[in-house]
Amino acid sequence: MTSIQDAKAPAGEVVLEAIGLTKHFPVRRRLRDLFRRQHSAVHAVDDVHLTLRRGQVVALVGESGSGKSTVARLLAQLYPRTGGDIQLHGESTRVKGGSSFRAYAARVQMIFQDPFASLNPVHTIRYHLTRALKIHHNAGDDLDAALAELLTRVSLTPPERYLDKFPHELSGGQRQRVAIARALGAQPEALLADEPVSMLDVSIRLGVLNLLRDLKERLDLAILYITHDIASARYFADQTMVMYAGRMVEGGDSETVTQTPAHPYTRLLIDSAPDPDRLTGDVDPLEEDRGNGEPPSLINPPSGCRFHPRCPAAMARCSTDLPVPLEIGDAPGHWAACWLYDKAGAR
Amino acid sequence: MAEPVLEIRNLNVDYGLGDRAVHAVRDVNLTLHRGEVLGLAGESGSGKSTLAYGMTRLLAPPGVITGGEVVYHPQQGPAYDVLGLTDRQLRAWRWAETAIVFQGAMNSLNPVHKISTQLTDVLKAHDPKMSEHSRSARAREMLKLVGISADRMDAYPHQLSGGMRQRVMIGMALILQPQVVIMDEPTTALDVVMQRQILGQLIELRERLGFSVIFITHDLSLLVEFSNRIAIMYGGRIVEEAPAATIYRDALHPYSKGLLSSFPALRGPKRELAGIPGSPPDLAGMPAGCSFHPRCPKAFEPCNSAIPVLGRPDTPDGAGRSVACWLHPAEQPVG
Amino acid sequence: MKYFLQRIAFYLFTAWAAITLNFFIPRMVPGDPVQSLITKYQGQLSTKSIQSLYVLFGLDKDEGLWSQYIDYWKQLFHGDLGLSFTFFPTPVSTVIGQALPWTLLLVGITTVISFLLGTGLGVLAGWRRGSWVDGLLPVTTFFSSVPYFWLGIIAIYLLAGPDSFFPSSGGFDSGLVPAWDQYFIPSAIKHSLLPALTILISSVSGWILSMRNMMVTVSSEDYITVAHAKGLPERRVAVSYAARNALLPNISGFALALGFIVGGTLLVEIVFSYPGLGYTLLQGLGAKDYPLMQGVFLVITISVLVANLLADIAYLLLDPRTRKEG
Amino acid sequence: ACGDSPNANSNNANKASVDYLRIGMPNGTQTENHNPFAGTSSANALGYKWMIYEPLTMWNPVKPAEPAKPWLAKEVKWAADYKSADITMRDNATWSDGQKVTADDVAYTFTLLKTNEALNANAIPFGDITVNGSTVHVTFTAPQFVNQNKIMASTTIVPKHIWEKIADPATDINKNPIGSGPYTLKSFTQAGIILNVRTEGYWQDLPKVKELRYTSYADNSAQTTALANGESEWSFVFIPNYQATFVSKDPANHKIWAPGVLGIHGLYINTTIKPFDDAKLRQAMNMVINRADIFTQAEAGYFHPQIDSVTGLPNGAGDAFIAPEYKDKKLTPDVAGAKALLQSAGYKLNGTTLSDPSGKPVKITLTDPAPWSDYQTTLEIIKTNLAEIGIAATVDKANQDKWDQNVQKGDFGATMRWTNGGATPYDIYQTVMDGDLLKPIGTAAQQGNFGRFKSPEATAALKAYANATSDADRTTAMNQIQKVFVEQVPMLPVGSDNVGGAYSTKNWTGWPSDGDAYAGMQPTQPYALDVVLHLKAANS
Amino acid sequence: MTIPTSSIEQVIPGQGSMAQPEAAKPSRAKRQRFLFVRNKKAATGLVILGVYVLIAIIGPWIAPYDPSARSNDLVQGPSAAHWFGTTHLGQDVFSQILEGTRSVMLVGFLAGAIATTLSVLIGVTAGYLGGKMDDSLSVLTNVVLVIPAVPLMIIITSVLNNASDTLVALVIGLTSWSWNARVLRAQTLSLRRRDFVEASRASGERTWRIIVFELMPNLTAVIASGFVGTVIFAVLSEITLAFIGVVSNSGWNWGTILFWAQGQQALGQDAWWWFVPAGLAIALLGTSLSLINFGIDEFVSPRLRSAGKTKLKTASGGTVRMRIGFTPVLSNSATPHTHAKVVATPVMREAK
Ligand SMILES: Nc1ncnc2c1ncn2[C@@H]1O[C@H](COP(=O)(O)OP(=O)(O)OP(=O)(O)O)[C@@H](O)[C@H]1O
Ligand SMILES: Nc1ncnc2c1ncn2[C@@H]1O[C@H](COP(=O)(O)OP(=O)(O)OP(=O)(O)O)[C@@H](O)[C@H]1O
Ligand SMILES: [Mg+2]
Ligand SMILES: [Mg+2]
């Protein structure tokens, strides 16, 4: 029974890569737009570069509505993309449906945010997992053994106890494990986990995250871990990327990004995270400068740096020029899209 | 310590009746003092919301209050039991004395009325003599207080962002200057930046207006940062209660300890994340004895037979705190 | 706004499709108007008059279906619905014009009353669950399952009689002429009581039930709890918070019911000899009166569509969430 | 207060005695149309055209052989060959606008019919029409013996000075009817039409009834309820179990009178289908029909008066026409006789199944439209009757349109249907037997002979009757026709049409009756005016 | 990376943490789906319906008379020989009702099945596929919705000669699917974006499988209640058609009985026994179906379940009502609840 591959491929090999990925959702046109040439759209994701490597977890953090889920769905090819490219093992892919989509799904799988909603309430665990195996012809001769192995892999043991249960009979953590097992049923190389623990209770989160990390290590999966909880990114991801209003603003080694954030937005994010060590009721020093604290409209995103209306360190140039990723220099691979770090162009 | 404003005594709340009743809140004793922020933590389903709704009698059927007292100390006059009020008295008490802010602001605001209407109808209900003009002036003032420009008065809830809606709710909660504000997970739907902003504002307002807050969440780190005292619930009971800093430094109950070690910290050295094994208890089939004992790494013989009482622990700093654990048997029960 | 144009385009297209069907459906019926007329007057009309009737109706010429269809549209654009056969040579528009007000008044007012009453009771039943209104539900369900023509006939049997207050048929006293005066109006109202009651009894339960269910659903929304928490008077919570929101989904049902005023209660008009449109339609059906059938179908189709459009607008007005400001 | 309201003096409660008569018909919605020539007009459907317009003569269908009374015409003189007539007008009749009724008006009316095919409902072949003083001379292109009353007694005469201004008399609704009758139109609504009696200028005594209120009810049931409740005082409608439904509600006043006329209802048999092409079989079937059951159970004991004569001619109205050889031959159920007849013709009855000479069981489908409950009941009874001689009948409740089509195309086994009616039995027999109307199976025979009965003798005799110039020739032809009918049984006569009505004597008396059968009782027929003229207030 | 591996050990391996105590959740697995039968209303409805089905099957055999057979007891009131009296031909009304049940049930259920199938096919497909397909199916649905059903049925049945029950059912089914299709489309639209649908798409399921195996089971209750609703509508339609005499079938159904009764003015002759039973039979059948529908509704949305007990006794003997916004207080004494046992004697603590 070798339905689930255990062989280690060389770590670090690029599995999935997004190059200049862009997604604009068309907005319903209104009467007065009829006379305008331009179609307005939600610029949900703009020019996103992302690399998933074998055996590595990349965390994608950012506030609500910054486009994280859209990136995941684009990578899973659940949405057609507006621009850019998705490369699987260096090969550009664009699939819409049918067998090519199935072939892609066999290699890239997605786990949804809400374990309560992502399992069909009318089907048993057995059905969900059997389908996952059968679609991709991974069932082998012995279906039961394959199912048992899948469940064992996500630590739902003994498997018989769970197979014939309905989703509502399982706890949130167990459900999320089933969802993960279902994704594993396709024997993917890349796993896109869209906020896999945000709906789970504090005490259960840890188990699921540890499971994901364990899978990464044992199965050598490339994992995209999407979250808005930057602290968990610090703990579980090798790399952390920060998104703001549809664009990547910072990226690098997780520890570096969280401990020495470079981009003002990342700093704001980290300052805002609850911190028990802070004094009670301490008013935030950044408070005054934060404007109304509202994320920008994605239909007419701010020109230049999208963060400049809220940025305490905004310069004139920030409102006009789109910042390019700039090397910070404190740690290898740490970059930020912020003019503060443009040593050459400093005026 | 300051005088109490709200005392919950042996409150019991059930869902349903008879044998199939779920005892969601059991023998809860809790005192809220004037001007303080009391945090209430515990994982999902531990009964935090039930407690909040129960003490204000807002629990929807099949919830029933099967026993206890909620003694309210008004600024003037004698204390009285909220659970003994008639419906008319209760309506008058609500919002004027105790206001509630719920988790989802979108769901808390009536989608078909303008926010101005929703702000002023509280004033109209509690002070019918107030003029139309002064009502709207007051509403405007409250909006300004929570940082929303008055020209959004005529907006409908859906026209505001999540953060703004939550602020409207906070403004609405404060419009009658109540003594107590109960906040049930007021920021879980918001992202961290907004969360901090709103909580910061609330704390500031509390200092200015002097009301007390019961702040419910399961995010302990948030509580530790923002509240004076923290009570931790498990399986419908309060298992530990202490000043925020005390709990953070030295939680006595194994469950509190587990909670505190369940979330990764952003700053400082990477801590060991122990987590809490097992899953939350089923309120319908509660284990005998201490309800935490099946998950407790330190469970020992009395835990599975007798329920520990919340009381002052036998620790040196036991003065301002209480715990319900056989590891720290009560010296004197609270309540 | 865009949404609006889209809806209108959608409605226009639906109207076109429905009107085209309306044209073809009556022509599927076998037999012809002349023959029907003869059979209607079994033996009273000599079979010799067949030819004279064909000439009279203009059916002695053969015309292709397609050219009839084209003519039909031409006529429609001139607002002309053709001449009715049954009531030859009265124009269809006149026939409809004389029947429509009766239907609109009887069924329209009844539908509105039924909606209001049902909604009111539904609000009560949903707000105070387990009270007496809830006990009313099985009874109304029973009545709503009764075929209303049966109910009507029983009502006539039991309530209308030689010395009864209720007349058994017609829209008003046969000695009167329609006029807005103190003789006619009471008579018209008196004549409409029984049919109205019949419709009311058999239709009110649907409204009670749907409103009750919506009330129950809405009652558990957070904003209702908040309204209670705000200490608002119960009436305000029930009406302005709960009922106001619960009403929204019923609006489209109400619009559709309004649209079905004409086609829905055919038999009540027949049972009570009420001079309305449903009854006219049945006569047209019996007489193979294509122009009349088409005309009535057109009225029904248009009214259903307009009612739906109105429901859309009403929704737009009542539910601020759909009112996207641009 | 509301002096100018049209309803101001309709307040019935205030009136000491009732001076109006409420007439009802179950004819559904009406639209305003007072055109007396249009079959679809409300004036026609409710019959009030006879109160406004008058015919030349007044004919009583209850006694069809009696000569018609002069009415607008002082005298009508037919030529012996019935191809021309001289009509002399009375000189004291006026139109309701005051103008005199003249011979010109009659000529104009006839010319109108002649030139407008659409108005000529009886397809009268008018020839020349000339006026000479107060006399109109009208010729026809064919003998009109059988149509004489259709021309003289059922054609409304209209004023020339009004109608010549009407652009298209076929489609005009004649909004302000001007007639010679005693009533004028007061108001029209779709539920009711009110006629007022004229104040002056009528050529005979004005009727006692001051106002006629016509109401059109949706259907029989509504009409019956109205009659039972006293809301309607005169109507022609089928009332099931009329004793219980109608009479018992006010036994002293509620009455029904339903004399038969020359028009019948019977079971048409498709004579092209084997073995029903065998006259013997049809005779046997005719012998077992229980007409008494049909009369009492299907026709409520009055509606289609039972036919006794083997000639199929109605009792009373038909008596005068029955051939001597059939004078006393009655239709009575005779199962034994039928069985014997069948046996002699080679049929075999095995238990309950009759087989034809070729050995095939005899089966028949009886069909009629579902909604016609009296016919349906009749078929049910016939079905059990036929079972007695082993014929298996099934009753099919057809859709009315399909039934129409199928009957015309000859696609049926047997069906209950009516015949045309007229002043002589000619119309009856023509509908059943006329070879000129015969069409092949599959082609619609619109005018009659639905059973595809082929009989050259009958066809010839019918022609001879219509064209005869003397009463003797007519009698001979009529006897010949009856012989064919009795021997061949192309149709099984069941009941006759009636010119009856239900009425109430509560407010008005003087209605025709068996004792004084001066007219028929249908409110929609020409004689309705005669009836109204006979009415007297009940309490006077 | 300094994540202590111990945490993984602690949480994952073996049954240590995530394993559930076996007894914690009783397996009320599949039976949950049939739970609605336990609903009192649904159960009553089902029992009544069961009786009807039984009569539909055995009715013609247990009928005391041939329903068409004439006898000499014309228009007789109810008696021991004729429970529901007789007609103007002496036919036994009771036998007619029994015999007529089959046709009514057949047409009702067949039409319900046809309409439901169509509405599912059209509604769910339109809702799931969206786009052009949705637009065209929606127009179709609306056109059918807009054309008045009963007149349309009258027209279609008059085209058919001798429409059998099956044909009538077909006509009713074909003209009455649109409302349900609309409801289903709306439901599907709300389901379509649900995570589990997206998830099964992401795992590579084919479209038809998603529709049939993922969406439809979740629509069961909606479909079922639509079915029940259509059956009521179909029964009423058939009876209406038979009553006005446009349906030409020769068999018995309750509409035919009413047709005869009305044609013979049964009530005018005070022969109520002829007219009333058929109407009551319809009403009772309709009520039973409505009750089942209630059951389904309440099963789908537990909120609609009337709270079993709404009046409660307080400790002091008074009664309070369960209502939203004012939670009943059964006892407001501050004595600890009985189930909390206070153990007075301190227990020995384990050495740390
Ligand atoms: N199908 C869609 N059509 C139009 N706009 C969309 C659609 N899906 C997402 N968006 C918009 O794109 C932006 C990014 O959404 P996305 O769900 O990717 O954010 P996110 O970072 O995952 O947020 P969250 O943390 O709340 O899940 C949002 O402004 C959202 O409104
Ligand atoms: N209507 C009800 N019937 C039965 N049990 C209920 C009902 N509502 C809530 N409960 C149970 O009561 C317990 C307490 O619920 P409560 O909502 O107070 O928890 P909570 O601490 O607020 O959780 P969360 O953090 O998820 O909001 C839960 O176990 C829940 O299952
Ligand atoms: Mg997301
Ligand atoms: Mg809660």
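Guide: Buried means under 20% relative accessible area, exposed means over 50%, and partly exposed is in between (1.4 Å probe, protein chains only). This is a predicted model: local features need pLDDT of at least 70, side-chain atom pairs count only at pLDDT 80 or more, and totals for chains, interfaces and linings use all residues. Residues are numbered from 1 along each chain as its sequence is written, chains are lettered from A and ligands numbered from 1 in the order in which they are written, and side-chain values use heavy atoms, leaving out hydrogens and water.

Visitor: Let's start with chain A. What percentage of its residues is buried?

Guide: Chain A has 10 helices and 12 strands (DSSP runs, numbered from the N terminus: helices are H or I with at least four residues, strands are E with at least two). It exposes about 13100 Å², with carbon and sulfur atoms supplying 53% of that (Shrake-Rupley method, 1.4 Å probe; for residues, only the protein chains shown count as cover). Out of the 347 residues in chain A, the buried part is 62%.

Visitor: And how many of the contacts in chain A, as a percentage, join residues at least 24 apart?

Guide: A contact means heavy atoms within 4.5 Å. Take the contacts in chain A between residues at least 6 apart in sequence; the part joining residues at least 24 apart is 67%.

Visitor: What about helix H2 of chain A: within what arc do its buried residues fall?

Guide: H2(A) runs over residues 98-105, and its buried residues are Phe101(A), Arg102(A), Tyr104(A) and Ala105(A). They line one face of the helix, because, seen down the axis (using directions from the helix axis to the C-beta atoms), they fall within an arc of 160 degrees.

Visitor: Which helix of chain E is among the elements covering those buried residues of H2(A)?

Guide: Chain A supplies part of the cover, including strands S1 (14-26), S4 (83-88) and S6 (108-111) as well as helices H1 (68-75) and H3 (125-135). The element from chain E is helix H8 (195-202).

Visitor: On to ligand 1. Which element gives the largest share of the shell around it?

Guide: Of the 14 residues around ligand 1, Ser64(A), Gly65(A), Lys68(A), Ser69(A) and Thr70(A) come nearest (a residue is near if one of its heavy atoms lies within 4 Å). Oxygen atoms of ligand 1 lie 2.6 Å from a side-chain N or O of Ser64(A), 2.5 Å from a polar side-chain atom of Ser69(A) and 2.4 Å from a side-chain N or O of Thr70(A). Strand S2 (41-53) and H1 of chain A each give two or more residues to the shell. The largest share, 3 residues, comes from H1(A).

Visitor: Now ligand 2: how much of its accessible area does the protein cover?

Guide: Among the 14 residues around ligand 2, the nearest are Ser44(B), Gly45(B), Lys48(B), Ser49(B) and Thr50(B). Oxygen atoms of ligand 2 are 2.4 Å from a side-chain N or O of Ser44(B), 3.3 Å from a backbone N or O of Ser46(B) and 2.5 Å from a polar side-chain atom of Ser49(B); a polar contact is a pair of N or O atoms within 3.5 Å (within protein, one must be able to donate a hydrogen and the other to accept it, and residues adjacent in sequence count only if both are side-chain atoms). On its own, ligand 2 has 640 Å² of accessible area, and the protein covers 66%.

Visitor: Which pair of chains has the most contacts?

Guide: Chains A and D do not touch, as their nearest C-alpha atoms are 47 Å apart. No contact joins chains B and D either, with closest C-alpha atoms 47 Å apart. There are 8 pairs of chains that touch, and the most contacts are between chains C and D.

Visitor: Last one: what is the relative accessible area of Pro361(D)?

Guide: Pro361(D) sits in the loop between strands S15 (353-355) and S16 (363-369) of chain D. Beyond its neighbours within four places in sequence, Pro361(D) contacts Thr353(D), Leu354(D) and Ser355(D). Pro361(D) is partly exposed, with a relative accessible area of 46%.
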